[in-house]
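Morning, everyone. I have one structure to go through, and I will talk about its interfaces. Please have a look at the screen.

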Amino acid sequence: MSAQSPANAVGQGVPRLEVREKVFGQAQYVDDMVRPRMLHGAVLGSPIPHGRIKSFDKSRALALPGVKAVIVGPELPAHHLGAFIKDETALAREKVRYIGDPVAAVAAVDLATARKALGLIDIEYEELPAVFDVDEAQKPGAPLLHENYEKYVKVYPAEFSGRNVLTISTVSEGNVDQAWAQCDVIVEGVYESPAQAHAYLETNGALAEFDAAGKVTVWSCTQSIFKMQAAISEALGLPMAKIRAIATRVGGGFGGKSEPGTQIIAVMLAQATGRPVKVILSRDEDFTMMRVRHPAKVRVKTGAKKDGTLVAREFDAVYDAGAYADESPGVVGFGVLMARGPYRVPHVKSVGRGVYTNKLRTGAFRGFGNPQTAFASEANLDDLAAKLGMDPLDLRLKNAMRPGDTWVGGQKVEACGLVECLEKLRKQSDWDKRRNSPAPAKPGKKRGIGVACLSHISGVLATSAIVRLLEDGSFSLNTGAVDIGQGSDTTLAQICAGSLRVPLERVNLVNPDTDASPYNWGTGASRVTYTVGRAVASASDSVAEQIKQRASIIFECAPADLELREGGMVGVKGVPGKVLPYGAVAGFSHFVVGGPIIGTTALMFDGPGFDPKRALLRGVPFSNLGAYVFGAQAVEIEIDEVTGKVEVIEAWSAHDVGKAINPQSVEGQIQGGVVQGIGYALTESVEWDGGRVVNPTFMDYKIPGALDVPYAIHPIIVEHPEASGPFGAKGVGEPGLIGVGPAIRNAIAHAVGVRLSVMPFSAERVWTAMRGAA
Amino acid sequence: MQVELNVNGEQASLMLDARQTLLDALRVQLGLTGTKLGCNQGVCGACTVLIDGKPARSCLVLAAGCGGRKIVTIEGIADGAKPSAVQQAFIETGAVQCGYCTPGMILTAEALLRKRKRPGLDEIREAMSGNLCRCSGYAKIIDAVKLASERVPA
């Protein structure tokens with residue numbers, strides 16, 4: 001990788017590669033696709049939260065003109081699915097476990113006919129008692145969701161005990177029980193966070209079509225074409241060689257499109273009818289059938305010395321997993337691994353359990369368990385600061401991790417810009433003034449400012465990249481990584497262009513396609529810039545070496561005497577006139593000597609693992625995590641004294657991203673994350689009445705609009721290069737959201753003195769708390 | 001029923017079901033898929049089009065009622081390959097992430113700037129507040145509208 005980046009590549013906020021098609025209305029999302037003879041599919045969800053399927057009768061539905069196929073679960077192979085625990089089938093087979101649990105599917109000539117046919121499928125259920133609360137679910141005699149739980153295949157060393165408990169993760173370092181005696185101040189609290197819906201503007205959908213040789217092509221909005229290929233194979237018993245998964249443009253994902261949506265159902269309907277079938281969920285179906293963020297109840301206890309030095313942290317969390325495991329074991333494991341936070345705390349014990357209930361499954365969502373952890377931990381830390389009589393920002397600075405410190409489990413963290421994040425936050429937000437002598441609020445309002453730190457990871461798992469030099473000296477970059485709107489296509493192309501010193505226009509980004517792309521685990525874990533970027537940089541470097549090797553034959557010199565020059569040239573060091581454009585080298589390679597120049601890299605994230613001599617880890621489905629990332633968040637709020645309504649009036653969000661490959665995209669990730677965090681903190685909560693989601697629409701589930709958030713959301717980019725990252729970069733996809741909830745909660749405490757423990761901080765909740773405090 | 005629609009300056013004669021929404025007619029019959037379905041109840045604004053110059057939720061409008069009216073969709077905003085001032089500003093400011101809300105955002109902004117040459121920040125926020133975006137946090141969308149407004153000749 002060359003030290004100098006060319007203009008228009010690394011470090012530049014260049015426009016997205018695909019931006020023109022998006023502003024012209026030409027971007028193709030899956031629902032924009034039409035195939036000849038295409039049918040439309042629809043999915044029937046269970047009407048009851050828990051029951052046995054006694055019988056089904058498809059005859060009335062099949063008799064409806066235009067209906068081409070009706071499939072019910074018991075007709076499918078009994079293949080179980082699940083990212084960590086194989087506890088689900090593509091359609092419910094013997095039991096249904098939540099209202100909305102997919103139980104049948106229809107293909108018809110148009111969508112109206114397909115939906116009408118759903119109402120004509122007669123399924124007889126034996127209704128079973130249901131349980132909707134994690135505490136109730138763990139009691140003896142509570143309804144049991146998965147009678148055969150112990151027999152399910154689990155892909156990690158799962159720990160579980162207790163009724164309806166599907167996973168228990170434990171992380172322990174030092175000796176918490178003995179440490180309390182060393183503490184001068186101890187603060188304990190219980191903090192609850194809600195089920196947040198992803199609410200991507202594009203609902204889940206897929207289109208499947210078989211060819212005459214029995215191979216199926218599946219276009220869908222997904223965060224991973226490779227996970228889709230594997231899941232379809234697993235569910236339907238098709239060989240992976242007969243499945244081609246392609247990503248269309250994706251209208252937002254945020255974790256909700258990591259695991260299958262309607263892909264498997266589209267394939268089974270296409271198989272049954274012999275025609276292409278498109279299955280797009282309606283908004284309320286997406287809300288009630290797919291997945292949401294885990295509601296969590298977290299007990300946190302933190303102890304410190306009088307001077308604010310943190311000594312011990314205990315963390316005990318219960319996560320509502322809903323009816324199926326989905327990504328719960330990962331979310332629970334990651335949530336407990338984040339429980340210490342980015343601080344020096346010698347004694348930590350952290351336990352999390354995931355519990356089945358008869359509700360929608362909960363899964364991956366921006367932050368992956370960390371927003372719940374951060375809310376509880378950072379609220380608790382603020383309460384500790386109050387008890388110590390310390391400025392909450394000073395308390396955080398005093399204990400902040402610094403370069404060379406270790407994460408829980410013993411990994412050394414060399415790149416850590418947390419202190420700089422806090423210092424910049426303090427300066428740019430004018431913290432000391434706003435905290436100690438705030439400007440007067442508008443009449444009838446109370447004003448406050450709050451802070452929270454956050455840490456996260458970017459990394460995990462396998463990825464690969466192929467870079468090809470084309471005959472004219474331009475490049476083709478192929479990674480299989482799906483850009484779900486965050487801008488990774490552009491960032492990866494910038495890394496390639498920067499490594500090879502060509503303008504961005506000379507890099508073609510290949511659309512993810514399992515028939516063409518090398519393996520990539522997926523878009524998630526804030527990993528694409530960091531992990532895929534590493535593969536891209538490495539494959540590009542390999543291409544650079546090959547260019548020099550071929551050019552050395554032409555120049556009759558040693559490859560080491562050659563260098564890449566700006567604009568796509570290779571030349572002899574120290575001899576400005578001795579230079580060839582890449583196109584000449586490519587032509588020589590393609591048609592004379594050596595063959596086409598292709599660089600490939602395949603890698604598994606190889607950072608240090610947890611040290612078993614240092615920490616006890618049980619039931620955690622990760623052996624290592626990735627590069628650690630750090631940030632700090634401040635928000636200023638006003639509370640209406642009459643209604644209790646909280647309004648964020650300004651926000652500052654500082655993140656150490658290692659190196660901002662595309663600063664405009666980094667800012668967009670931060671601002672978008674902050675606003676999603678404001679929604680999580682103030683208005684967003686999926687609500688159930690018994691087993692039924694009562695707000696499955698944008699009318700009743702309130703995501704923030706432009707007037708609900710401040711324009712002044714200040715991204716502060718901090719760059720402490722990560723040695724293992726491409727050009728020093730780390731990820732920033734998830735962090736923007738994580739610190740917002742606790743920062744708002746702590747600002748409310750500053751404004752009106754009430755220390756809330758339940759999110760979201762609705763006007764009613766805040767008003768009630770203010771009345772109680774008065 | 002047979003309905004004459006004027007979309008992006010072109011006349012089209014469509015056979016429509018009386019219950020069909022304008023969104024459906026645009027996407028399915030005319031193949032103008034730039035207009036998006038987000039919530040199907042008029043909340044998110046992804047389906048925004050201009051009807052006689054005013055932004056409208058095409059998911060709530062019956063297509064059969066649009067005869068004789070001028071409809072503009074995202075496909076009708078650019079001058080050939082040349083983006084409009086609003087589209088160009090969206091490109092430059094980083095206002096586009098997943099892109100699903102973008103067509104509706106651009107049409108709402110076009111309508112605003114045809115009505116008001118130099119709207120203030122709060123006017124822009126107000127005008128854009130009926131279009132939901134889950135990616136951007138709105139700041140760069142507001143920047144885009146502001147930039148476009150500054151480029152429109154006074």
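When I say contact, I mean heavy atoms within 4.5 Å. One caution before the numbers: this is a predicted model.

Let's start between the chains. By that contact rule, chain B brings 48 residues and chain A brings 52. The two chains bury about 3900 Å² between them. Carbon and sulfur atoms account for 59% of that area.

Now the charges. How many salt bridges does the rule find across the interface of chain B and chain A? Five. One to look at is Asp31(A) with Arg27(B). Their closest N and O atoms are 3.5 Å apart. That distance passes because the salt-bridge cut-off is 4 Å. Polar contacts between chain B and chain A come to 26 residue pairs, with both residues at pLDDT 80 or more.

Which helices of chain B are involved? At least two residues each come from α2 (85-93), α3 (102-115), α4 (121-128) and α5 (139-151) of chain B. The top contributor to this side is α2(B), with five residues. By residue type, the side of chain B that touches chain A has 24 nonpolar, 14 polar and ten charged residues.

Next, inside chain B. The domain assignment gives domain 1 as 2-75 and domain 2 as 85-151. Their C-alpha centres lie 21 Å apart. In contact terms, 16 residues of domain 1 of chain B meet twelve residues of domain 2 of chain B. The buried area between these two domains is about 1200 Å², with 64% on carbon and sulfur atoms.

On the domain 1 side of chain B, the elements giving two or more residues are β3 (48-51) and β4 (54-57). The largest share is from β3(B), at three residues. That side of domain 1 of chain B splits into nine nonpolar, five polar and two charged residues.

Contact involves 20 residues of domain 1 of chain A and 19 residues of domain 2 of chain A. Together these domains bury about 1500 Å², and carbon and sulfur atoms give 50% of it. Which residues of domain 1 of chain A lose the most area to domain 2 of chain A? Val482(A), Ile484(A) and Thr514(A). Together they make up 37% of what that side buries.

Salt bridges here number five between domain 1 and domain 2 of chain A. Glu21(A) and Arg249(A) also meet in a salt bridge through their side chains, at 2.5 Å from N to O. There are nine residue pairs in polar contact across the interface of domain 1 and domain 2 of chain A, again with both at pLDDT 80 or more. The side of domain 1 of chain A that touches domain 2 of chain A holds six nonpolar, eight polar and six charged residues.

To recap the buried areas: about 3900 Å² between chain B and chain A, about 1200 Å² between the domains of chain B, and about 1500 Å² between domain 1 and domain 2 of chain A. That's my tour. Thanks.

Notes. Residues are numbered from 1 along each chain as its sequence is written. Chains are lettered from A and ligands numbered from 1 in the order in which they are written. This is a predicted model: local features need pLDDT of at least 70, side-chain atom pairs count only at pLDDT 80 or more; totals for chains, interfaces and linings use all residues. Side-chain values use heavy atoms; hydrogens and water are left out. Buried area is the accessible area (1.4 Å probe) that two parts lose on being put together, summed over both. A polar contact is a pair of N or O atoms within 3.5 Å; within protein, one must be able to donate a hydrogen and the other to accept it, and residues adjacent in sequence count only if both atoms are side-chain atoms. Helices (H or I, at least four residues) and strands (E, at least two) are DSSP runs, numbered from the N terminus. Ala, Val, Leu, Ile, Met, Phe, Trp, Tyr, Cys and Pro count as nonpolar, Asp, Glu, Lys and Arg as charged, and the others, Gly among them, as polar. Domain bounds come from an automatic or database domain assignment.
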